[in-house]
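Visitor: I have a structure open and would like to go through it with you. Could we begin with the overall fold and then turn to particular residues?

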Amino acid sequence: MFRATEHSAAKTHSPIKPPERCPACNSRSIAPKGTRAKKLEKVRLYRCRSCGRVFTPGPRGIRCKTYPLHEILDALSTYNRGYALEETSRRLSSRYGHTIHPATISRWLAAHPRLTTYRRLRDRGLALFTPTQLIRTVKLYHRQVYEFSLHRAKLAFVRAATLDDRRRGDPRFAPIADFLEGVHHDCPHELFRREDGARGSQLAPGFLALGRLVVVEKQNTATDTAALIIPSVGSNYDRHPRLQRFMLLNDSTTVAVEVPIFLLEDDIAALEDYYGVEIVPKEPVHRARPALGHKPRFITGHIDFLQVRNGSIHILDYKPDARTNKPIAQLVIYALGLTRRVPGLVLSDIQCAWFNEACYNEFSPRRLLRSLSEKRFLGDDF
């Protein structure tokens with residue numbers, strides 16, 4: 001039996017994100033009000049100056065819990081990586097300095113079925129890869145460090161056409177697995193480090209028919225997961241990667257995160273010719289001598305989440321300010337980049353969305369672009 005030492009038994013402060021509003025009256029007039037000691041951690045308290053309520057910050061799902069939320073989430077991820085309940089218990093007990101029983105971990109798994117849908121695939125994945133082989137992570141030293149990660153078992157299921165029930169037996173998306181497994185080798189990393197290229201996140205949406213945009217707002221597993229994880233991480237720097245790691249390990253649809261995507265001059269020219277638009281303005285090699293042509297253009301970016309579900313490829317971008325920050329052009333560029341990198345993939349195979357803890361906004365990039373032949377056929381209807 002593991003015995004906690006005096007040091008390991010010491011209570012730590014919960015890293016819960018400070019609240020912005022009172023959960024009772026929605027007032028912003030709140031102030032710290034000391035701490036409350038729980039069995040394994042100290043949680044900060046806040047008092048609302050408007051209604052007088054004293055409350056603990058964070059989502060309702062983390063309140064009144066004996067164990068800190070980060071331990072619960074770690075247990076879910078460790079189990080879904082492929083470790084047995086007993087081994088998960090041993091690892092977490094050693095890591096956190098107090099005993100966490102297998103039965104407790106089993107209860108946590110039962111309490112979060114929507115966030116841990118990979119459990120139904122876990123045994124199949126374990127037959128293909130050991131827990132240490134399941135996730136492949138490559139650090140990409142671009143203009144900052146990105147951790148590109150892929151789930152090897154889910155990619156094997158994509159290749160076998162067994163991950164998505166709507167595509168069961170249809171190998172159409174199998175090339176996605178080949179692309180993801182080789183993208184860090186084929187990626188022109190030097191372009192991602194240059195300052196003179198276009199960034200997908202900074203492109204203007206002028207090349208899109210925004211009048212045809214239809215955005216469907218809903219709640220789904222992505223918003224539920226973000227609502228649980230994001231407020232529970234104290235560091236702004238770590239919230240995004242923590243959400244990515246959890247979804248990659250625990251849901252049944254996220255196959256990769258921080259996927260590098262790029263469009264080179266030939267790609268941009270082909271897309272502009274096909275759709276009859278200008279994606280990136282051409283900069284002449286010499287302004288006084290336009291006959292010399294223009295500088296080679298390129299666009300780079302990173303896909304936050306890449307999912308395979310409901311018969312489509314889904315490109316997701318987490319935006320803390322999702323109500324006001326609408327990355328339409330960025331997501332469409334990522335979709336176009338995939339169609340150029342993945343053989344047989346077309347724009348109608350892809351759905352795009354941006355989300356945060358409160359909302360999930362989805363649209364079809366195919367509605368925003370029509371080929372020249374379609375425009376001539378549809379005329380003013382476009």
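Guide: The secondary structure of the protein chain comes to twelve helices and 13 strands. Please keep in mind that this is a predicted model.

Visitor: How much of the protein chain counts as buried?

Guide: Of its 382 residues, 50% count as buried.

Visitor: And what share of the contacts with a separation of 6 or more comes from residues 24 or more positions apart?

Guide: Such residues account for 68% of those contacts in the protein chain.

Visitor: Let us turn to charges. How many salt bridges does the structure hold?

Guide: It holds 24 salt bridges. In general, side chains of opposite charge can pair when their charged atoms come close. One of the salt bridges joins the side chains of glutamate 87 and arginine 90, at 2.8 Å from N to O.

Visitor: Where do glutamate 87 and arginine 90 lie?

Guide: Both belong to helix H2, residues 85-96, and they are three residues apart, about one turn of the helix. Glutamate 87 is partly exposed, its relative accessible area being 24%.

Visitor: What about arginine 242 and aspartate 238?

Guide: Their side chains meet in a salt bridge of 2.6 Å, N to O. Both residues sit in helix H9, residues 236-250, with a spacing of four residues, about one turn of the helix. Arginine 242 counts as partly exposed, at 30% relative accessibility.

Visitor: While we are on H9, how many residues does it have, and how far does it reach?

Guide: H9 has 15 residues and spans 22 Å from its first C-alpha to its last, close to the 21 Å expected at 1.5 Å a residue. Its buried residues include Arg239, Leu243, Phe246 and Leu249.

Visitor: Back to the salt bridges. What does aspartate 267 pair with?

Guide: Aspartate 267 forms a salt bridge with arginine 340, and their closest N and O atoms are 3.0 Å apart. Aspartate 267 is in helix H10 (residues 265-275) and arginine 340 is in helix H11 (residues 328-341), so this pair ties together parts that are 73 residues apart in sequence.

Visitor: Are those two partners buried or partly exposed?

Guide: Aspartate 267 counts as buried because its relative accessibility is 6%, under the 20% limit. Arginine 340 counts as partly exposed, at 36%.

Visitor: Which residues are linked in a network of salt bridges?

Guide: Arg167, Asp170, Arg172 and Asp349 are linked in such a network.

Visitor: A change of topic: what is the phi of alanine 161?

Guide: Alanine 161 has a positive phi of about 60 degrees, although it is not a glycine. Most residues other than glycine have a negative phi. Alanine 161 is found in the loop between helix H5 (152-159) and helix H6 (174-186), and it counts as buried at 8% relative accessibility.

Visitor: And what is phi for asparagine 310?

Guide: The phi of asparagine 310 is near 50 degrees, again a positive value in a residue other than glycine. Asparagine 310 belongs to the loop between strand S10 (299-309) and S11. Its relative accessible area is 41%, and it is partly exposed.

Visitor: Which residues lie nearest the centre of the second largest pocket?

Guide: Asparagine 310 is among them, together with Thr221, Ser252, Thr253 and Arg309, and the pocket is lined by 19 residues. The elements that give two or more residues to this lining are helix H8 (221-229) and S10. S10 provides the largest share, three residues. The volume of the pocket is about 380 Å³.

Visitor: What does the side chain of histidine 314 reach?

Guide: It reaches the backbone oxygen of arginine 309 at 3.3 Å. Histidine 314 lies in strand S11, residues 312-318, and is buried, with a relative accessible area of 3%. Leaving aside neighbours within four places in sequence, its contacts include Phe305, Gln351, Tyr360 and Glu362.

Visitor: Finally, what does serine 364 touch?

Guide: Not counting residues up to four places away in sequence, serine 364 touches Ile350 and Gln351. Gln351 is also among the contacts of histidine 314. Serine 364 is found in the loop between strand S13 (360-363) and helix H12 (372-378), and it counts as buried at 18% relative accessibility.

Conventions: Residues are numbered from 1 along each chain as its sequence is written. This is a predicted model: local features need pLDDT of at least 70, side-chain atom pairs count only at pLDDT 80 or more; totals for chains, interfaces and linings use all residues. Side-chain values use heavy atoms; hydrogens and water are left out. Buried means under 20% relative accessible area, exposed over 50%, partly exposed in between (1.4 Å probe, protein chains only). A polar contact is a pair of N or O atoms within 3.5 Å; within protein, one must be able to donate a hydrogen and the other to accept it, and residues adjacent in sequence count only if both atoms are side-chain atoms. Contact means heavy atoms within 4.5 Å. A salt bridge is a side-chain nitrogen of Lys or Arg within 4 Å of a carboxyl oxygen of Asp or Glu. The expected span of a helix is 1.5 Å times one less than its number of residues. On a 1 Å grid over the protein atoms alone, a cavity is a set of points where a 1.4 Å probe fits but cannot get out, and a pocket is an open set with protein on both sides within 12 Å along at least five of seven lines; lining residues have an atom within 4 Å of a point. Grid points are joined across faces, edges and corners, and a volume is the space filled by probe spheres set on the points.
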